[in-house]
Amino acid sequence: MATLDQTIKEGLTPFKQSYTFRHVDVYTGVLLIRITNNVKSTKSIKILFYCHIASQIVAVILATAGAVLSISNFDNAFNNTHQRIGLALYGFIWLQPLIGFLRPDRGVKFRSIWYLTHWLLGIAICVVGIANVYIGIHTYHERTGRSVRLWTVLLTVEVSVMAFVYLFQDRWNHVVRQQQEAAALGDDGEQSEEHAYPANDHKEVAVVPDGSLGAARTGASSWVGEDGRVWHSHDGLAPHSHEPIYSPGDFSKRAPPLSSRSFGERAFTVGIGGPVGTGKTALMLALCRFLREKYSLAAVTNDIFTKEDGEFLIKHGALPEERIRAVETGGCPHAAIREDISINLGPLEELSNLYKADLLLCESGGDNLAANFSRELADYVIYIIDVSGGDKIPRKGGPGITQADLLVINKTDLAPAVGADLAVMERDALRMREGGPFVFAQVKHGVGVEEIVNHILQAWEMATGNKRR
Ligand SMILES: Nc1nc2c(ncn2[C@@H]2O[C@H](COP(=O)(O)OP(=O)(O)O)[C@@H](O)[C@H]2O)c(=O)[nH]1
Ligand SMILES: [Mg+2]
């Protein structure tokens with residue numbers, strides 16, 4: 001690192017240019033990665049992530065160029081605080097990207113420790129870097145007696161702008177969310193505010209590590225974010241909160257197919273969601289058997305702490321073993337299909353490319369009625385419930401029931417045994433889904449499977465422009 005007094009004395013030296021660029025560049029990189037917290041689209045996250053890496057590599061190169069220029073042009077005796085801190089900083093600036101490249105995969109135990117280390121070091125470099133520039137300016141003033149007011153003001157303005165942008169992101173999110181809440185309230189005009197926000201009264205929650213056994217096992221914890229939402233982190237998933245859901249949802253307002261989707265990167269993906277035990281895995285098996293002769297298929301299953309469903313599919317020869325992947329999502333299976341889908345995208349993309357897949361099947365972990373697939377993950381969403389929970393289930397609504405592209409009501413063979421009235425289920429399903437399609441099925445016995453396949457292939461044809469075989 002150069003002494004600032006020398007560089008300032010020399011006027012606009014190349015070192016000073018590189019120093020200034022590097023300085024700004026480091027903070028740009030920090031801001032870029034912070035923005036990813038607030039972005040939902042996987043594509044945008046990827047772009048921001050690579051911009052972060054690129055800007056940080058550029059920062060290291062500029063810092064190195066600055067150091068080389070400094071050593072060749074100036075007499076660095078490292079006999080003052082500014083120079084010594086600068087030297088230490090230079091070491092950390094190299095250490096940080098090296099740590100960055102050692103990032104463990106999702107789900108690996110050390111990922112959270114890595115994340116914390118990388119974040120702390122990044123923030124420390126920024127803070128100490130800024131402090132050191134102030135020290136340098138002060139040293140220059142002491143040695144030369146010249147005024148440093150302009151430099152101090154410029155630096156303070158820069159730091160203030162960076163801090164403002166850093167903090168403003170959260171506030172901006174807060175504003176956007178309030179607008180969404182107001183819009184949701186407008187939709188449900190008659191509901192009282194209390195009724196409309198059942199899950200949003202989190203502000204009193206203290207910062208408490210989750211006490212459950214599962215949490216202890218996975219190191220999960222929850223906290224109240226600056227935005228007032230309850231965030232949690234566990235099982236190697238990135239910290240996430242769950243969007244409050246204000247209404248049962250409307251079929252007509254479900255997310256449309258993505259116009260930007262490239263099926264060359266990942267084949268048309270069918271997401272199968274639904275509560276525990278309703279027949280998701282049985283449907284995966286039935287679909288594989290029905291489609292595997294004519295189409296290249298691959299399947300990804302989600303379980304919370306096992307690979308049971310993947311193993312079931314392998315045991316029953318649904319597809320060749322290498323085309324089946326089982327993902328352990330940890331305690332929040334809904335996060336893996338909605339907020340943090342990369343845990344599924346990775347294996348799906350890989351299988352898609354390895355086997356030139358026509359169709360991919362993704363089974364979510366069994367969850368509650370509020371869980372539904374993000375459109376980023378599933379091009380066609382099937383939500384499967386069964387009759388054994390009683391004929392009331394369809395009218396309970398929730399995004400899965402109301403907004404899936406297809407609702408399957410399974411195990412109709414058990415309806416007499418549990419006293420479920422299929423006419424009531426049909427009426428409620430049609431009402432809740434505004435007439436959207438549903439199928440009565442006995443997946444295990446092959447009833448209704450062909451109809452489900454027809455719905456899938458129709459959507460596949462429309463999305464990909466291919467004709468069914
Ligand atoms: N009676 C009956 N049982 C079924 C049917 N489909 C699935 N099952 C059974 O329901 C249980 C749970 O099914 P599974 O596919 O593992 O449910 P998942 O947890 O949603 O994946 C299994 O014992 C299946 O054999 C059906 O149509 N009728
Ligand atoms: Mg299953």
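The chain of this predicted model has an average pLDDT of 79, and 74% of its residues score at least 70; pLDDT is the predictor's confidence in each residue, from 0 to 100. Over residues 1-15 the pLDDT is below 50, and this stretch has 37 contacts in the model beyond near neighbours in sequence. Two residues are in contact if their C-beta atoms, placed from the backbone, lie within 7 Å. Residues 187-219 likewise stay under 50 in pLDDT, with 35 contacts beyond four places in sequence. Where pLDDT is low, the predicted coordinates should not be read in detail.

Residues are numbered from 1 along each chain as its sequence is written, while chains are lettered from A and ligands numbered from 1 in the order in which they are written. In this predicted model, local features need pLDDT of at least 70 and side-chain atom pairs count only at pLDDT 80 or more, whereas totals for chains, interfaces and linings use all residues.

Around ligand 1 there are 18 residues, of which G279, K280, T281, A282 and K444 come nearest; a residue is near a molecule if its C-beta atom, placed from the backbone, lies within 6 Å of it. Helix 9 (residues 280-291) supplies the largest share of this shell, 3 residues. Helices are DSSP runs (H or I, at least four residues), numbered from the N terminus.

Helix 9 also packs against helix 10 (residues 308-315), at an angle of about 35 degrees and with the axes 10 Å apart. Axes are lines fitted to C-alpha atoms over the stretch in contact, and angles run from 0 to 180 degrees between N-to-C directions. At this packing, T281, M284 and L285 of helix 9 meet D309, F312 and L313 of helix 10.

Definitions and conventions: Helix = DSSP H or I, 4+ residues; strand = E, 2+ residues; numbered from the N terminus.
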